[in-house]
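This report sets out the fold, the domains and a handful of individual residues of one protein. Please read it beside the sequence and the coordinates.

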Amino acid sequence: MTKRILVLPGDGIGPEIVAEAVKVLDKLAGEGLDIEMDEGLVGGAAYDAVGTPLPEATLDMAREADGILLGAVGGHKWESLDIAVRPEKGLLGLRAELGLFSNLRPAVLAPQLADASSLKPEIVSGLDIMIVRELTGGIYFGQPRGIRTLENGERQGFNTLVYAEHEIERIVRSACDIAMKRGKKLCSVDKANVLECTELWREVATRVVEQEYPEIELSHMYVDNAAMQLVKWPKQFDVMVTTNMFGDILSDCAAMLTGSIGMLGSASLNEKGQGMYEPIHGSAPDIAGQGIANPLATILSVAMMLRYSLDQPAMADRIEGAVNKVLDDGLRTPDIMSDGMTEVNCEAMGDAVVAAL
Ligand code: NAD
């Protein structure tokens, strides 16, 4: 059956990097991948064109799509706008409207780029971790929240950490499904010694794995220790699953282990398996329009789409293999350039990946 892909280039370097990722999809379509691609407006580009960062037409196409490929949104141009119409609202709106509760953030370091990390090469070379972050619940959404004035006149800020059992079950299942496709090792990260909410998290995670995924080796870790272990010996992890806020922090920490923001893709999935795929970096306004952005994070996001939403794991492997090949051949965009390598621009990097495919 034909799969529908919605392409949302967005702002800044978004259109440049997405164009290279679309070349990769076109190449695979030419070899029999049965897809149809639509393009839509999101973020500042959408605001400029129609006055809203998430037009109804984009949302309608997103609901019908099997996979959404997003570049990035945002930029200085829109920073003074009212928060309700800022580019980021387009992204948050898509996540909320599609119920994208499971955020997959891989931290993979190609051995060729081990020197890019701030950690010693032997600690990070060949690193391959998947952090599964709950994306639509927890303290970022819990009610009540706000800033109130106490009787003594002092102001008090408050937020609420809440997780219902079904929310924990579905994110743990999502992480288990991924662990089953990898090393069958899952580490659930919580703060069960202090927070009752994550005491429940630990209990539910244990039950789901014991009852539904007996092959998976489950461990639990407190978040403070997890942060420490990530920088001490990150290769001990395969898949990690955690709450929205802990995942926000740990996934950025894990991404930085690799030293190159231009190399990492991400996925956000809902219960139907629909997914939004995007590089972890932003719209990089400082280099937008120069043609020098690294398109590999976006191309690797396409590989994730093939694996997690389009059921084409062999094609996903091929894309990852092609990226590996261009790195082996010494091609580097400026952000990952080092001595003795060949510097190429965004378009040449995309063309090289297509050729390697
Ligand atoms: P950024 O990720 O855009 O850029 C950080 C630094 O990394 C910059 O120096 C940039 O040039 C570089 N960089 C990022 N991607 C690169 C790539 N593919 N190739 C080469 N270099 C790359 O983060 P920022 O500067 O903090 O934010 C810029 C804008 O992006 C802001 O408006 C922010 O709100 C937005 N943003 C959007 C998303 C998203 O769309 N998902 C995520 C983060 C930030």
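## Overall fold

The protein contains 12 helices and 14 strands, where helices (H or I, at least four residues) and strands (E, at least two) are DSSP runs numbered from the N terminus. Its radius of gyration, taken over C-alpha atoms, is 20 Å, close to the 21 Å that the globule rule gives for 357 residues, so the protein is as compact as a globular protein of that length; the rule itself is 2.2 Å times the number of residues to the power 0.38. Along the principal axes, the C-alpha trace spans about 60 × 50 × 45 Å.

This is a predicted model, in which local features need pLDDT of at least 70 and side-chain atom pairs count only at pLDDT 80 or more, whereas totals for chains, interfaces and linings use all residues. Residues are numbered from 1 along each chain as its sequence is written, and side-chain values use heavy atoms, with hydrogens and water left out.

## Burial, surface and charge

Of the 357 residues in the protein, 52% are buried; buried means under 20% relative accessible area, exposed means over 50%, and partly exposed lies in between (1.4 Å probe, protein chains only).

## Two domains

The domain assignment gives domain 1 as residues 1-101 + 270-357 and domain 2 as residues 102-262, with bounds that come from an automatic or database domain assignment. The centres of domain 1 and domain 2, taken over C-alpha atoms, are separated by 24 Å. Across the boundary, 18 residues of domain 1 are in contact with 22 residues of domain 2.

## Backbone details in loops

The peptide bond from Q143 to P144 is cis, with omega near 0 degrees, and P144 lies in the loop between strand 5 (128-134) and strand 6 (146-149).

Two residues other than glycine have a positive phi: for K184 the value is near 60 degrees, and for A284 it is about 40 degrees. K184 is placed in the loop between helix 6 (165-181) and strand 8 (185-190) and is partly exposed, at a relative accessible area of 31%. A284 belongs to the loop between strand 12 (275-279) and helix 10 (296-308).

## Individual residues and their surroundings

P234, in the loop between helix 8 (223-232) and strand 10 (239-242), counts as buried at 0% relative accessibility. Leaving out residues up to four places away in sequence, P234 touches I123, V124, L127, I129, Q229 and L257. P279, by contrast in strand 12, is buried at 2% relative accessibility, and its contacts beyond four places in sequence include I17, L70, L264 and S301. P279 and P295 are 16 residues apart in sequence, with their C-alpha atoms 8.8 Å apart in space.

W78 sits in the loop between strand 3 (67-72) and helix 4 and counts as buried at 10% relative accessibility. Among the residues that W78 touches, not counting those up to four places away, are D11, A45, Y47 and R86; A45 is 33 residues from W78 in sequence and 9.8 Å from it, C-alpha to C-alpha. L92, in helix 4 (residues 87-98), is partly exposed at 44% relative accessible area, and L92 and T136 lie 44 residues apart in sequence but 9.8 Å apart in space, C-alpha to C-alpha. S260, in the loop between helix 9 (244-257) and strand 11 (265-269), is buried at 4% and, beyond its neighbours within four places in sequence, is in contact with D335 and I336.

Technical notes
Contact = heavy atoms within 4.5 Å.
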